[in-house]
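Work through these exercises with the structure at hand. Try each task before reading its solution.

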Amino acid sequence: MKIAIIGPGIMPIPPTGWGAVEILIHDMRCALEDLGHEVHIINVKDKNEMIRQTNEVNADFVHVQYDEHIDIVPHLTCPNVAITSHYGYLEQIGKWDDGYKMIAQQFLTTDVDVFALSPGIANLYKGLAEINKGVVHPNYSNDRVHVAHNGVRDDLFVFEDEPEFPDRTIYLAKVDFRKRQWVFQGIPDLYYAGNLADNRFDATSPRYLGEWSKDHLYSNLTKYANLALLSDGEAHPLVCMEAMSAGLGLVLSEYSCGNLDMSKPFIDVIPESLMGDLGYVERVLKENAAKSIKMRKEIREYSETFSWNSVIENVYVPAVNKVLSRK
């Protein structure tokens, strides 16, 4: 199968540093090529050039991995097009601004399939027709909504049975308003890595480790006991799967749990109502670290269910085939 994947056009694929969408596009390509598919990535800023390059590929299937590019879909010659949104507030309609409301309307009034990152997001799209008062494209139906979650290159992460820093939790994410790192800087064993984009965060703290390169991430994540991700909005965060690949347990917000088995003892959730209680958050972090250190092999084994090769073969390609079968 010949597949074209359209990236945001913001940074290189693969990225040299941060860039979760760019990382997953690169990893998808590697897994698809391992299974014998031909993959072309279009990752340019100019939308006219984006359209030209995509149509030139003459692909069997086009996957737009950036919902702000939905306006190019009517100009693509391939009849089999799906689009994925990575918008962190997708399941929280009350947080949508006017710009995103317009994008959501375009999903309904454009002849396109949706590859949703989680069952919750899929249900959101299936309810959009009612929100949009029934104004939809003639070809729109809930059959066009598919769950196609992200995977992880678990083979790239160093895994050690014992962490070098058993008393440290890592908060690995872009330091921004949605991730809320600044709220938790009073917790003494919580360390931070990520590019800085929030002036409320004290970047002079010795527990701020700066932005990690990918090689540093792959080699050093396993040194920590567990990972915190306490955002006020997420879709299917890649970092959770990366952390488990390195043997780390997870302490998450209610919005950071997409596709995870919440019965796993090494995954804990901080209720939104207690997010401001730093004493409570600190206790959960410590308790999670203690039990996760004893379960690192089980954590690593669970992470393998999200291996990109497995996700592509068992989730992604079947979803693509459903799109192709309608034509």
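**Exercise 1.** Which residues of helix α8 are buried, and where do they lie around the helix axis?

*Solution.* This model is predicted.
- Step 1: locate the helix. α8 covers residues 278-293.
- Step 2: apply the cut-off. Buried means under 20% relative accessible area. In α8, Val281, Val284, Leu285, Asn288, Ala289, Ser292 and Ile293 are buried.
- Step 3: look down the axis. These buried residues fall within an arc of 145°, so they line one face of α8.
- Step 4: recall helix geometry. An α-helix has 3.6 residues a turn, so residues three or four places apart point the same way.
- Step 5: find the partners. The buried residues of α8 pack against β7, β8, β9, β10, β11 and α9.

**Exercise 2.** Is Ala290 buried, partly exposed or exposed?

*Solution.* 
- Step 1: Ala290 belongs to helix α8.
- Step 2: read its relative accessible area, which is 43%.

**Exercise 3.** In what order do the five strands of the open sheet lie?

*Solution.* 
- Step 1: trace the order. It is β8-β7-β9-β10-β11, with parallel pairing.
- Step 2: find the edges. β8 (190-193) and β11 (267-270) each pair on one side only.
- Step 3: From one strand to the next, it averages 25°.
- Step 4: check one pairing. Three bridges join β7 (residues 165-172) to β9 (residues 224-229). Phe165 has Tyr224 in β9 as its bridge partner.

Key
Residues are numbered from 1 along each chain as its sequence is written. This is a predicted model: local features need pLDDT of at least 70, side-chain atom pairs count only at pLDDT 80 or more; totals for chains, interfaces and linings use all residues. Side-chain values use heavy atoms; hydrogens and water are left out. Two strands pair if DSSP finds at least two bridges between them. Helices (H or I, at least four residues) and strands (E, at least two) are DSSP runs, numbered from the N terminus. Axes are lines fitted to C-alpha atoms, for helices over the stretch in contact, and angles run from 0 to 180 degrees between N-to-C directions. The expected span of a helix is 1.5 Å times one less than its number of residues. Buried means under 20% relative accessible area, exposed over 50%, partly exposed in between (1.4 Å probe, protein chains only). The arc is that of the directions from the helix axis to the C-beta atoms. Contact means heavy atoms within 4.5 Å.
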